[in-house]
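Work through the exercises below with the model open. Try each task before you read its solution.

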Amino acid sequence: MRKRILILGGTTEANALARALAERIDLDVVLSLAGRTETPARPPIPHRIGGFGGVDGLIDYLTSQSIRGVIDATHPFAAQMTRHAADACDRLDIPRLIFTRPAWNPVEGDQWQSVNGVDAAVKALGEVPKRVFLTVGRLSLSAFRQAEHHFYLVRSIDQPDESEMPRAVTLILARGPFTIDEETRLMREERIDVLVTKNSGGAQTDAKLQAARALQIPVIMIERPPLPEAQVTYDLQNALAFVETHGRAP
């Protein structure tokens with residue numbers, strides 16, 4: 001019997017891995033999506049949608065589905081899922097690989113203020129009213145109700161809950177990637193004073209950072225949360241090699 005590989009997905013990296021495995025009938029893989037995006041792209045490999053029910057639920061799933069390797073390709077800020085995967089894999093002695101993207105680092109011309117957590121980002125905005133470009137994901141918007149003296153330009157893939165958004169807000173529903181020219185034009189037209197974003201990394205969403213640099217707009221950068229130690233790769237070929245090693249029957 002072939003060994004099953006579970007891919008915890010929802011990211012560009014997970015999608016790239018799924019496409020690379022789509023024609024590999026010799027490997028038994030399943031992709032899991034959290035279901036937080038309302039209209040996710042349909043993956044080309046077997047998949048499931050929804051949570052597992054905590055660590056114990058994940059252990060039950062790994063056991064019942066004969067999972068012999070886990071690739072954690074979740075978002076860098078999906079800390080709870082990564083911790084649950086680490087705990088479950090440790091308890092079952094299942095190999096685990098984190099497949100993610102490198103974090104962004106400031107370069108010459110950037111005006112970054114790095115903070116740990118969304119609440120710290122709210123505090124860093126200060127008391128003087130500002131026009132804030134907010135790209136932190138819809139699930140983090142409610143924290144900014146603590147500072148409703150600012151104006152917020154919010155961009156989100158899915159419609160946020162209006163009760164969780166600040167009062168003074170303009171909402172843009174859009175899915176990237178965006179070009180540098182588009183981001184520059186948007187920030188200039190909206191007279192943005194500061195960009196608040198999470199250090200998700202990757203090339204798909206870094207145009208906003210390049211635009212902020214060109215316009216000399218400060219950036220409040222929410223850094224990634226600490227995660228359990230693990231083998232980490234940024235390379236698709238390394239992720240494929242993990243599947244080859246742990247997904248084939250002996």
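**Exercise 1.** Is Arg 191 buried or exposed? Then describe its backbone and its place in the chain.

Solution. This is a predicted model, so work with computed values. Start with accessibility. Exposed means over 50% relative accessible area. Arg 191 has 54% relative accessibility, so Arg 191 counts as exposed. Next, the backbone. Phi of Arg 191 is positive, near 55°. Most residues other than glycine have a negative phi. Last, the place. Arg 191 lies in the loop between α5 and β10.

**Exercise 2.** Which loop holds Asp 93, and is the residue buried or exposed?

Solution. Locate the residue first. Asp 93 sits in the loop between α3 and β5 (96–99). Its phi is positive, near 55°, and Asp 93 is not a glycine. Then apply the cut-off of over 50%. The relative accessible area of Asp 93 is 70%, so Asp 93 is exposed.

**Exercise 3.** Find the cis peptide bond that involves Pro 177. Where in the chain is Pro 177?

Solution. Check omega. The bond joining Gly 176 and Pro 177 is cis, with omega about 10°. Most peptide bonds are trans. Now place the proline. Pro 177 belongs to the loop between β9 and α5.

**Exercise 4.** Sort the residues of α5 by burial, and state what the buried ones pack against.

Solution. List the buried residues of α5: Glu 183, Thr 184, Leu 186 and Met 187. Look down the axis of α5. These buried residues fall within an arc of 165°, so they line one face of the helix. The face turned away from the buried side carries exposed Asp 181, Arg 188 and Glu 189. Finally, find the partners. The buried residues of α5 pack against β7, β8, β9 (169–173), β10 and α6.

**Exercise 5.** Which residues of helix α6 (residues 207–215) are buried? What do they pack against?

Solution. The buried residues of α6 are Ala 207, Lys 208, Leu 209, Ala 211 and Ala 212. Their packing partners include α5 (180–189) and the strands β6 (112–115) and β7 (131–135). Also among them are β8 (151–156), β10 (194–198) and β11 (219–222). After α6 comes Gln 216, with a positive phi near 60°.

**Exercise 6.** Give the strand order of the open six-stranded sheet, and say why β3 and β12 each have a side without a neighbour.

Solution. Read across the sheet: β3-β2-β1-β4-β5-β12, with parallel pairing. Now take the edges. β3 (47–49) and β12 (231–233) each have a single partner strand, so one side of each lacks a neighbour in the sheet. From one strand to the next, the twist averages 25°. Zoom in on one pair. β2 (residues 28–33) and β3 pair in the parallel sense over three bridges. There, Leu 31 stands opposite His 47 in β3.

**Exercise 7.** How do α1 and α7 cross? Which residues meet?

Solution. Take the geometry first. The axes of α1 (residues 12–21) and α7 (residues 236–247) come within 10 Å and cross at roughly 55°. The two helices are therefore oblique to each other. The crossing is right-handed. Then list the contacts. Ala 16, Leu 17, Ala 20 and Leu 21 of α1 meet Leu 236, Ala 239, Leu 240 and Val 243 of α7.

Key
Residues numbered from 1 in each chain as written. Predicted model: local features only at pLDDT ≥ 70, side-chain atom pairs only at ≥ 80, totals over all residues. Heavy atoms only, no water. Pairing = 2+ DSSP bridges. Helix = DSSP H or I, 4+ residues; strand = E, 2+ residues; numbered from the N terminus. Axes fitted to C-alpha atoms, helices over the stretch in contact; angles between N-to-C directions. Buried < 20%, exposed > 50% of the residue type's maximum accessible area, 1.4 Å probe, protein only. Contact = heavy atoms within 4.5 Å. Arc of directions from axis to C-beta. Parallel < 35°, antiparallel > 145°, perpendicular 65-115°, else oblique. Left-handed = near helix turned anticlockwise from the far one by under 90°.
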